[in-house]
Each structure stands twice: as C-alpha cells, then as structure tokens.
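Student: Can you walk me through this model? I'd like the contacts first, then the details.

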Amino acid sequence: MLKPLTLRIMYAIARSRLRISSLISRKNRRFSSSVIADPPKEPIISSSNLLKDQPPPSPLPEPSATGAEKNSWNFLKYSLGAAFTGGVATAGYATYAYTLDEVEEKTKALRASANYTAGDNASGVDKFQALLYSSAMTVPAKLVELYLDLRRLTEEQVRGFSEPISDKLLPDLHPLEQHVFTLVLDLSETLVYSDWTRERGWRTFKRPGVEAFLEHLAQFYEIIVYSDQQNMYVDPIIDRLDSKQSIRYRLSRGATRYVGGKHYRDLSKLNRDPSRIIYVSGNALESSLQPENCVEIKPWKGDVEDTTLLDLIPFLEYVGKNRPADIRTVLASYQGRDIAKEFIERSKEHHRRMQEQKQHGRLWRR
C-alpha cells in the first residue's frame, strides 16, 4: 500500500521542478532580448585625447646597490683619496725641506728595489718572493722617478727666469787693466728719474751733474750700468745720457737674480774681482746681494738742486787713484755714514795732521 503513495509524491515533486525551470528560462529570454534590442550608447573619445589626459609614464627605478657593494666602493674611494693626499703632502714636504740632489740620494735604495732579483743559487720560493717584492715596489719607484723628473724640469724652467743669463756677465778684463776698479751704477733714481702724467705720458730726467760724473770717473774706472729694467727701457736712455761713451757695459733685467718677487744685482756674476767692485745706487742695500760692496746714496726724484753725484766724485777719485787692496774694508769703515761728507771730514783731519807734522818738523830743526 505504501508504494503507490510514494510514487505519487515523487511524481508531484518532479512536475513542480519542471514548472520552476520553465518559468526561469522564460524570464532569461526576455531579459537577454531587451539588452540586445536597446544597448546603452557611450561617447566616443579620440586616442589623442586619451594620451593627453594620461600622465607620462614614470621611469623605472634603478636597481639599488646592496650594502656590501656600497661599502666596498666607499672604501676604495677613501683609500685612493688618502693615498693621493699622502703622496702630495710627501712631495710638498720633500720639495720644501730637501734639494733635488738630496732627494735623489735618499730615494736611491727605493728606486733600486724595483729591480731586485734573487741570486742564481736561490730557491724557487726565494725567487718567487723576490718577484713579488720587486712587483710591489715598482709603482712607488716609478712615482718617485716621475716626481724627480717633474721637479728637475720645473727647476730648470724657474732657473731660466730667476737666474742671470750667464755666470760671466762681462768679458774678461784686458791684461793691462787688471788693476782697474769696476764702478757699477744703478739707473733709476740714481742717474735718471722717470715720471708719468696723463697730459705728457712718460718723461725721463737726468740727475744734475750726471754727465760730468761719468766723464770724470771714466778716467779711473770701468763703468757699468746695472739696471733691473728691460732692455727696451735701458738702451735708449743710456744712448741719450752717455754721449761720450763713458759707460763700457750695460746690464738689464736679464742679468739680475729674481728672489722673493724682486730683481737683485748679483755682483758675483760680473767676472770681476769682488775686492775691486763698487756699487752705487739710491737703493743699494735693497737691490744688491753683496751689501759689502755697496755705496748707498740719496735716491733722486727730480730735485734740481741735488749735488749728490758731484759730492761723491772726490771719494771715488781717491779710491780709483790709490787702489786699496780690498774696497770692502774701506766701505765698512764708512758704514752708517754719508760717505761723501765723511770723506771730506777725514780729508780735512788728515790735512790738519799733515800740517801739524810739518810745523813740528820745522820747530825741531830750529
């Protein structure tokens, strides 16, 4: 009896499922047809507008170095910087403290170590160690040689500007003139004075008495003009100043020694006996490397009443005639005094003593 009832229930459930599925399929058909029949319309946008509105693509990030790579690169940079700084400091100290010959002597062993080799009887280990040692010393040795070459070249260039053009600025004296003294004269503010104004430009004035001074002393001296000016300035002035050819030689800036930003007269390069050289200048002690040979006079800057050169003639004439053994000892006795005035005073004193001796001799004869 239960079986027919069960069959009826199952049949009713199946019919209800069929109805539900048919209803769902009908609704889906209606919905899809409405979507296809009336689709929504969207505005059309050009590709150029889309490109304009979009932001530019951002660059791809670079791959970042790892911490170990950064540390190794920084260590290499600092090591190279420290080595370069140490090398420059060492080269600077060596240049300041030692001459080129001293540096060559002190680095001889270092430079020879680059060629170090083991003996023929050495073992293979010793030869390998010698090879490693010479390889390690090659770079320092080459750097030292580079420093020496650069310093040698630099000093040669500097010497060409700072040293006189020759070790013998004057030719040898004639054998018959070996006893003659050499009178060296400065040019600016000693024999002439140059002045510049906007209205007239450069003008050069002769010191009062300069022509008589030169002409008279040329009888007793070999006269030389030694200036720190260029040839283009010295030669035209002397040509006009020395019309009677009293000046034998003229030396300009190329014959001076450049030290500490100044040009100095180096009397040791004149090829003359230093015991027979007198240097006269308005700035003698500041412009000569041999102060023991200097006669410093008043610098002349245009005073028309100046008589300095004429006042100095008696002293220079006395020296030129009597020819002392060493003029440097004579000049040392006048140190700190006006030579022209002091010579006159000493001459008067000498003349007075001579007169007293004559008077004493006459009284003794009586």
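Tutor: Of the contacts in the chain with a separation of 6 or more, 68% are between residues 24 or more positions apart. Contact here means heavy atoms within 4.5 Å. This is a predicted model, where local features need pLDDT of at least 70, side-chain atom pairs count only at pLDDT 80 or more, and totals for chains, interfaces and linings use all residues. Residues are numbered from 1 along each chain as its sequence is written, and side-chain values use heavy atoms, with hydrogens and water left out.

Student: How many helices and strands does the chain have?

Tutor: There are 12 helices and 9 strands. Both are DSSP runs, numbered from the N terminus: helices are H or I with at least four residues, strands are E with at least two.

Student: What share of the residues is buried?

Tutor: Buried residues are 26% of the 366 in the chain. Buried means under 20% relative accessible area, exposed means over 50%, and partly exposed is in between (1.4 Å probe, protein chains only).

Student: Let's go to α7. Which of its residues are buried?

Tutor: In α7 (residues 210-217), they are Val210, Phe213, Leu214 and Leu217. These sit on the same side of α7, because they cover an arc of only 90° around the axis. The arc is taken over the directions from the helix axis to the C-beta atoms.

Student: What covers them?

Tutor: The cover includes β1 (181-185), β3 (201-206), β4 (221-226), α8 (231-241) and α10 (308-322).

Student: And α8, which residues are buried there?

Tutor: Val234, Ile237, Ile238 and Leu241. They fall within an arc of 95° seen down the axis, so they line one face of α8. They pack against β2 (192-197), β3, α7, β4 and β5 (249-251). The face turned away from the buried side carries exposed Met232 and Arg240.

Student: Switching to charges. How many salt bridges does the structure hold?

Tutor: It holds 19. A salt bridge is a side-chain nitrogen of Lys or Arg within 4 Å of a carboxyl oxygen of Asp or Glu. One of them joins arginine 207 and aspartate 306, at 2.9 Å, N to O. That pair links distant parts of the chain, 99 residues apart: arginine 207 is in the loop between β3 and α7, aspartate 306 in the loop between β9 and α10.

Student: Is arginine 207 buried or exposed?

Tutor: Arginine 207 is buried, at 1% relative accessible area. Aspartate 306 counts as buried too, at 7%.

Student: Which partner does lysine 244 have?

Tutor: Glutamate 215, with the closest N and O atoms 3.2 Å apart. Lysine 244 is in the loop between α8 and β5, glutamate 215 in helix α7, 29 residues apart. Lysine 244 is exposed, with a relative accessible area of 56%, while glutamate 215 is partly exposed at 40%.

Student: Now serine 288. Where is it?

Tutor: Serine 288 is in the loop between α9 (284-287) and β9 (294-296). It is buried, at 6% relative accessible area. Not counting residues up to four places away in sequence, serine 288 touches Tyr264, Arg265, Leu267, Tyr279 and Cys294.

Student: Last one, lysine 301. What does it touch?

Tutor: Glu189 and Tyr193, again leaving out residues up to four places away in sequence. Lysine 301 and glutamate 189 are 112 residues apart in sequence, yet 6.2 Å apart in space, C-alpha to C-alpha. Lysine 301 lies in the loop between β9 and α10 and is exposed, at 56%.
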